[in-house]
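User: Please take me through this protein chain, and tell me for each term what rule stands behind it.

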Amino acid sequence: ASLRWNGSWYEAQVAIDPRGSVEADESLLKEIEDNLYPFRRIGHDLRICPARPAWLDIVLDVCAKPEYQRGHVRAALLERFSNRRLPGGRCGFFHPDEVTFGEGIHLSRLIAAALEVKGVESVHVVRLQRQFEPPNRELENGVLPLGPLEIARCDNDPTYPEHGRCRLIVRGGR
């Protein structure tokens, strides 16, 4: 939530990130607004909205260990950086319940997640930026910052390339 001046008075803007889902439907937004309205500050409007997605564009250059097949390493990395629930109850890196408001994407977390995958020897982050925007020194700073009402999203779905992508360059291995 954040207080914002709308030109005449303050407005409390509350963004919603439902557990286990990407989108907050209208009935949930209305229910939350009805529950919060009695507690709003006098003289402030209340606006409930879904979280704003920050679509990401990521490129990782990965070196596979010599005894592993590149294809297997690639498949495991794609699973690790997915937005799905994984076998064994774990969640992919970009699962809606793994990322939250204003939580920037740190290079160190990306590298650590890639190094967790069996067969990965080393990782170099080539690109980390918002999709369809020029780089803003994310690689130099080690983090892609997000606003307080934004949530990082990277669906990596070829059917919807505008919903973020994580491209992998896998070298080495067999």
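Analyst: In what follows, Lys and Arg count as positive and Asp and Glu as negative, while His and the chain ends are not counted; the place of a charge is taken as NZ of Lys, CZ of Arg, CG of Asp or CD of Glu. By that rule, the mean positions of the 24 positive and 25 negative charges of the protein chain are 6 Å apart. This is a predicted model, in which local features need pLDDT of at least 70 and side-chain atom pairs count only at pLDDT 80 or more, whereas totals for chains, interfaces and linings use all residues. Residues are numbered from 1 along each chain as its sequence is written, and side-chain values use heavy atoms, with hydrogens and water left out.

User: What makes a residue buried, and what share of the 174 residues is buried?

Analyst: Buried means under 20% relative accessible area, exposed over 50%, and partly exposed in between, with a 1.4 Å probe and protein chains only; buried residues make up 39% of the 174 residues.

User: How do you know that β1 and β2 pair, and in which direction do they run?

Analyst: Two strands pair if DSSP finds at least two bridges between them, a strand being a DSSP run of E with at least two residues. Four bridges join β1 to β2 (residues 10–16), so by that definition they pair, and the two run antiparallel. One of the bridges links S2 to Q13 in β2.

User: Why are β1 and β3 called edges of the sheet?

Analyst: The open sheet has the order β1-β2-β3, with mixed pairing. β1 (2–5) and β3 (44–50) each have a single partner strand, so one side of each is left without a neighbour in the sheet.
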